[in-house]
2 protein chains.
Amino acid sequence: MPTPVATSTSGHGSAEPRIKSEVQCCVPSRGEEALLAVEAETLAARFKALADPNRLRILSIVSTSPEAETCVCDLSEPLGLGQPTVSHHLKILVEAGLLNREKRGVWAYYSLVAGALDSLAAALTPKA
Amino acid sequence: MPTPVATSTSGHGSAEPRIKSEVQCCVPSRGEEALLAVEAETLAARFKALADPNRLRILSIVSTSPEAETCVCDLSEPLGLGQPTVSHHLKILVEAGLLNREKRGVWAYYSLVAGALDSLAAALTPKA
DNA sequence: ACTAGACATCGACGGATATCGATGTTCCGA
DNA sequence: TCGGAACATCGATATCCGTCGATGTCTAGT
């Protein structure tokens, strides 16, 4: 049940703004039909994980890697970032529910969470 | 031509990590096939516009309003934000190419840019 | 046991950002 | 012509975020 940015229902009147002060200028927009504050908070948290170029490149590299999984050492060099920074970004992506983390021996392998990006994309297309 | 997070092509060998130091541990991932740094930068800039709960609610309110357009005064109250803050968020959304701004008289009407959110959603679903 | 390597965590620092109050600008009505 | 309303912009501030070096933890060989 993906939550679109725009919920569908709407019912109104008064398209043109009023002038007087005791009446709202345009459409009052009771606000209950639209995105709740809590929903917006969680959605924004997930988009925040995507709001960094290096994290987008991490997702890209992980998804294009042959086994669809990547370890930290593969990311540090192409991104031009230090290992602690890469680990930091990976942690954010895991906590956002976008990446899986699997420790095998000394290496940590990261892979895309199936359907996670699609769920976010669905939240952007209310007409879905 | 939406740019998916993950570009499709890939060709590799050596799925298992090597041990020696002069060889990369896992998959070298030349990095040219994946998301370029510049592409990632512009994509991240647009996601950054979505990475705020109040901006998501603005998009929701605008899209659910009867004429699919809203003026600032309609947003200030339901969001619980001051007018300068709302104007600030609207400016960010306009600069991200997500909202149109049309000044009619004293009021400024904002509406969704057609296809903008869909283009962003498409960037998240490489299989499209 | 000891060493070495891969990764996570910590502390710090500089830059970005969300928010506000105050002020400027533009348009409309009286 | 003047006052007011809607909105943008400015300046300030508190917080958040990305990055790094240093350090801790765990595993695999030797």
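View 1. Helices (H or I, at least four residues) are DSSP runs, numbered from the N terminus. This is a predicted model: local features need pLDDT of at least 70, side-chain atom pairs count only at pLDDT 80 or more, and totals for chains, interfaces and linings use all residues. Residues are numbered from 1 along each chain as its sequence is written, chains are lettered from A in the order in which they are written, and side-chain values use heavy atoms, leaving out hydrogens and water.

**View 2. Now look at the two ends of α2(A).** A:Asp52 caps the N-terminal end, with a side-chain oxygen 2.8 Å from the backbone nitrogen of A:Asn54. A:Thr64, also shown here, is buried at a relative accessible area of 7%, and its side chain reaches the backbone oxygen of A:Ile61 at 3.2 Å.

**View 3. In chain B, α2 packs against α4.** The axes of α2(B) (residues 53-64) and α4(B) (residues 83-95) are 10 Å apart, at an angle of about 75°, so the two helices are roughly perpendicular (65 to 115 degrees). B:Asn54, B:Arg55, B:Ile58 and B:Leu59 meet B:His89, B:Leu90, B:Ile92 and B:Leu93, with contact meaning heavy atoms within 4.5 Å.

How values were computed: Axes fitted to C-alpha atoms, helices over the stretch in contact; angles between N-to-C directions. Parallel < 35°, antiparallel > 145°, perpendicular 65-115°, else oblique. Polar contact = N/O pair within 3.5 Å; in protein donor to acceptor, adjacent residues only side chain to side chain. Buried < 20%, exposed > 50% of the residue type's maximum accessible area, 1.4 Å probe, protein only.
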